[in-house]
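Let's take a walk through this model together. Have the sequence and the 3D view open as you read.

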Amino acid sequence: MRMKDKMHTGELYLPGDEEILEWQMKCLDRLYEFNRLRPSEAEKRQAMMKEMFAEIGENCYIESPFYSNFGGGHCHWGNNVYANFNLTLVDDTHIYVGDNTMFGPNVIIATAGHPILPELREQAYQYNAPVHIGKNCWLGAGVIVLPGITIGDNVVIGAGSIVTKNLPPNVVAVGNPCRVLREIDEHDKEYYFKNRRIDWNQRNG
């Protein structure tokens, strides 16, 4: 099996393989070009994202700078995904993001890991595990998601959290390591922030 194929099986492989590096360099060159586009060049940005990503839906937007090991080449995004400044995708294998999900500034999604055994690290071995993020999630500023994590739909993750275990849908989760704080409930239908009430009449008007 080629090293490039082992990137997606969870097996140990050598990321310095010539075939991998050749393709990675092409991805990084495109990413460099993307980050040099002006904010006003919206059509070019959209066109480039469709070239760079494995899959990307409609109305997605990424604030520059954007960092990615393979320039989005292993990323699968739904529709209406928004990413604030300094999104880092360690996309050595696949990252899946559902519709209407938002990333705060300085979020890191990592799929790559390195063995604990020093002898293997000396030889530069690596392994990867995919990340799945559901629909309508909000990851606050500075959130870190580790390899192999699955996050359910409608999850809110507090700023600075480090997600080391899977999170179920419809919860607010915070901390290091990130833990479920509570479920999204009736209170959230009345208040949007602390004691500030939602004015549904104004919102629907």
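Setting aside its neighbours within four places in sequence, which residues is Asn84 in contact with? Keep in mind that this is a predicted model.

## Around Asn84

The answer is Glu63, Phe103, Gly104 and Pro105. Asn84 itself sits in the loop that runs between β4 and β5, the latter covering residues 87–90. Is Asn84 buried or exposed? Its relative accessible area is 19%, and the cut-off for buried is under 20%, so Asn84 counts as buried.

Next, have a look at the strands. β4 takes in residues 82–83 and β7 takes in residues 102–103, and the two pair in the parallel sense over 2 bridges. Within that pairing, Tyr82 faces Met102 of β7.

## The sheet

Zooming out, β4 and β7 belong to an open sheet of 7 strands with mixed pairing. Reading across the sheet, the order is β1-β4-β7-β12-β15-β17-β18. The edges are β1 (61–62) and β18 (179–183), each of which pairs on one side only.

How is β18 joined to β17? The two strands run antiparallel, with 4 bridges between them. One of the pairs to pick out is Val171 with its bridge partner in β18, Glu183. As for cover, β18 has hardly any: of its 5 residues, the number that are buried is 0.

## The largest pocket

How much space lies in the largest pocket? The figure is about 640 Å³. Its lining is made up of 22 residues, and those nearest the centre are Trp138, Val156, Val172, Asp188 and Tyr192. By type, the lining splits into 13 nonpolar, 6 polar and 3 charged residues.

The largest share belongs to β19, with 3 residues.

## The cysteines

How many disulfides does the structure hold? The count is 0. Take Cys75: it is in no disulfide, and the nearest cysteine sulfur, that of Cys27, is 10 Å away. The cut-off for a disulfide is a pair of sulfur atoms within 2.5 Å, so the 10 Å between Cys75 and Cys27 rules out that pair. Cys137 is in no disulfide either, and for this residue the nearest cysteine sulfur is that of Cys178, 11 Å away.

Both of these cysteines are tucked inside. Cys75 has 0% relative accessibility and counts as buried, and Cys137 counts as buried too, at 1%.

Last stop: the loop between α2 (18–35) and α3 (42–52), where you will find Arg36. Is Arg36 buried or exposed? Its relative accessible area is 60%, and exposed means over 50%, so Arg36 is exposed.

How far apart are Arg36 and Ser64 in sequence and in space? In sequence they are separated by 28 residues, while their C-alpha atoms are 8.3 Å apart in space.

Technical notes. Residues numbered from 1 in each chain as written. Predicted model: local features only at pLDDT ≥ 70, side-chain atom pairs only at ≥ 80, totals over all residues. Heavy atoms only, no water. Pairing = 2+ DSSP bridges. Buried < 20%, exposed > 50% of the residue type's maximum accessible area, 1.4 Å probe, protein only. Contact = heavy atoms within 4.5 Å. 1 Å grid on protein atoms, 1.4 Å probe; cavity = no way out; pocket = protein on both sides within 12 Å on 5 of 7 lines; lining within 4 Å. Points joined across faces, edges and corners; volume = space filled by probe spheres on them. Nonpolar A, V, L, I, M, F, W, Y, C, P; charged D, E, K, R; others polar.
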